[in-house]
Amino acid sequence: MSTESRTVVWNNMTRAELDAAYDNTSAVADSGERREAWVARSDAFRKRHADGLDLAYGPRPRNKIDLFRCGAAKAPLFAFIHGGYWQRNAKETFACMAAGPLANGMDVAFIGYTLCPEATLSEIVDEIAAAVRWLRREGPHRGAGEGRLVVSGWSAGGHLTATTLAMDEVDAGLAISGIYDVEPCRLNYLNDKLNLTAEEAAKTSPLLHLPKKSAPVVLAYGTGELPELQRQSVAYHDARRAAGLPSELLPLAGLNHFSIMDELEKHDGVLARAARALA
């Protein structure tokens, strides 16, 4: 393609290139099978641990939290936010991921939230903040949330994790394969449902709003992920370090956007151990 016929929309990429740069599902051949396996394992897990499901933290149908306890008194709490580019998936899909943190002596909460386009990205950020405050306020009444609170999330959930790091309620963060500069998502296929304006993309980009104080965060990603996903984590880490904020980069060799989650679900997984270290 000649330079003259190539219309660049962002960072020297055409629209088609930018679409592909954020299409994790197409980039991983077995992504569909992996997700189906998560759903099956999570369904079985929730049936075995049915006493703390769908606790309402807000007024909307998806403003619910699933809470799983490890059995230890005043255990640290691992609060997980699901991914799906803010427009798909649900907390129920990821319940199986509780196995790793539970085995490492942590209680686990899965946070649901309203999806785009029913909610704006700013509204989702506000919902997550409300859920974190609820966990601190109401969790102790349910035997959880009295110890350290580690907020975590995968993909879009990594982005939402980053938006909580300046909250007084949060002690640490584990962001997995996250998005920290939202602008490229405004310019690619994802915006069909996100409906982002340039102003909204800037407002909701953690990279552009580094706080004066922040909980420490581990930024994990797989070296087998799409280059743009890797770049997002590295750029956010560099910006935090430049601002004097605590940040650790955790590249996991050979793992892709989906296989990386094995390291949270496994009892001895790298991400499960990282969560425990933060706690």
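**Entry 1**

I began with Asn195, which counts as exposed because its relative accessibility is 52%, over the 50% that the term requires. I note that the model is a predicted one. I placed Asn195 in the loop between helix H8 (191-194) and helix H9 (198-203). I then looked up its backbone: phi is positive, about 55 degrees, although Asn195 is not a glycine.

In the loop between H8 and H9 I also found Leu196. Is Leu196 buried or exposed? Leu196 counts as buried, because its relative accessibility is 6%. I listed its contacts, leaving aside neighbours within four places in sequence: Leu121, Val182, Arg186, Asn191 and Ala201.

**Entry 2. Asp54**

I looked up Asp54, another non-glycine residue, and found a positive phi of about 55 degrees. Asp54 lies in the loop between helix H3 (31-48) and strand E3 (55-56). I recorded Asp54 as partly exposed because its relative accessible area is 37%.

**Entry 3. A cis peptide bond**

Which residues does a cis peptide bond join? I found Cys116 and Pro117 joined in this way, with omega at about 5 degrees. I located Pro117 in the loop between strand E6 (107-111) and H5.

**Entry 4. The sheet**

I traced an open sheet of 8 strands with mixed pairing. I wrote down the strand order as E3-E4-E6-E5-E7-E8-E9-E10. The edges are E3 and strand E10 (247-252), each of which pairs on one side only. At the E3 end, I found that E3 and E4 run antiparallel and are joined by 2 bridges. I noted that Leu55 stands opposite Ile65 in E4.

Which helix packs on the sheet, touching E5 and E7 among its strands? I identified helix H12 (residues 270-278), which also touches strand E8 (172-176), strand E9 (217-222) and E10. The direction of H12 makes about 165 degrees with that of E8.

**Entry 5. The nonpolar cores**

I turned next to the interior. In soluble globular proteins, nonpolar side chains tend to be buried together. Here I found that the largest nonpolar core has 53 residues. The residues with the most contacts inside this core are Tyr22, Trp86, Ile111, Tyr113 and Ile124. Helix H5 (residues 121-138) gives the most to this core, with 9 residues. I also recorded a second, separate core of 33 residues, which includes Val28, Trp38, Ile176 and Met261.

**Entry 6. Aromatic pairs**

I recorded 12 aromatic pairs in the model. Phe68 and Phe110 form an edge-to-face pair, 5.9 Å centre to centre, with 70 degrees between the planes. This pair links distant parts of the chain, with Phe68 in strand E4 (residues 64-68) and Phe110 in strand E6, 42 residues apart. I found both Phe68 and Phe110 to be buried.

I then examined the pair of Phe94 and Trp154, which is tilted: the centres are 5.5 Å apart and the planes make 50 degrees. Phe94 sits in the loop between strand E5 (77-81) and helix H4 (99-103), while Trp154 belongs to strand E7 (residues 149-154), 60 residues apart. Phe94 and Trp154 are both buried.

Which residues form one aromatic cluster? I listed Trp38, Phe45, Phe68, Phe78, Phe80, Phe94, Phe110, Trp154 and Phe258.

**Entry 7. Asn89**

My last entry concerns Asn89, in the loop between E5 and H4. I recorded Asn89 as buried because its relative accessible area is 13%, under the 20% that the term requires. What does the side chain of Asn89 reach at 3.2 Å? I found the backbone oxygen of Gly83 at that distance. I also noted a polar contact of 2.9 Å between the side chains of Asn89 and Arg35. Not counting residues up to four places away in sequence, Asn89 touches Arg35, Arg62, His82, Gly83, Gly84, Phe94, Leu115 and Trp154. I note that this list includes Phe94 and Trp154, the tilted pair of the previous entry.

How values were computed:
Residues are numbered from 1 along each chain as its sequence is written. This is a predicted model: local features need pLDDT of at least 70, side-chain atom pairs count only at pLDDT 80 or more; totals for chains, interfaces and linings use all residues. Side-chain values use heavy atoms; hydrogens and water are left out. A nonpolar core is a set of buried Ala, Val, Leu, Ile, Met, Phe, Trp, Tyr and Cys residues joined through side-chain atoms within 4.5 Å. Buried means under 20% relative accessible area, exposed over 50%, partly exposed in between (1.4 Å probe, protein chains only). Helices (H or I, at least four residues) and strands (E, at least two) are DSSP runs, numbered from the N terminus. Rings of Phe, Tyr and Trp (its six-membered ring) pair if their centres lie within 6.5 Å; planes under 30 degrees apart count as stacked, over 60 as edge-to-face and the rest as tilted. A polar contact is a pair of N or O atoms within 3.5 Å; within protein, one must be able to donate a hydrogen and the other to accept it, and residues adjacent in sequence count only if both atoms are side-chain atoms. Contact means heavy atoms within 4.5 Å. Two strands pair if DSSP finds at least two bridges between them. Axes are lines fitted to C-alpha atoms, for helices over the stretch in contact, and angles run from 0 to 180 degrees between N-to-C directions.
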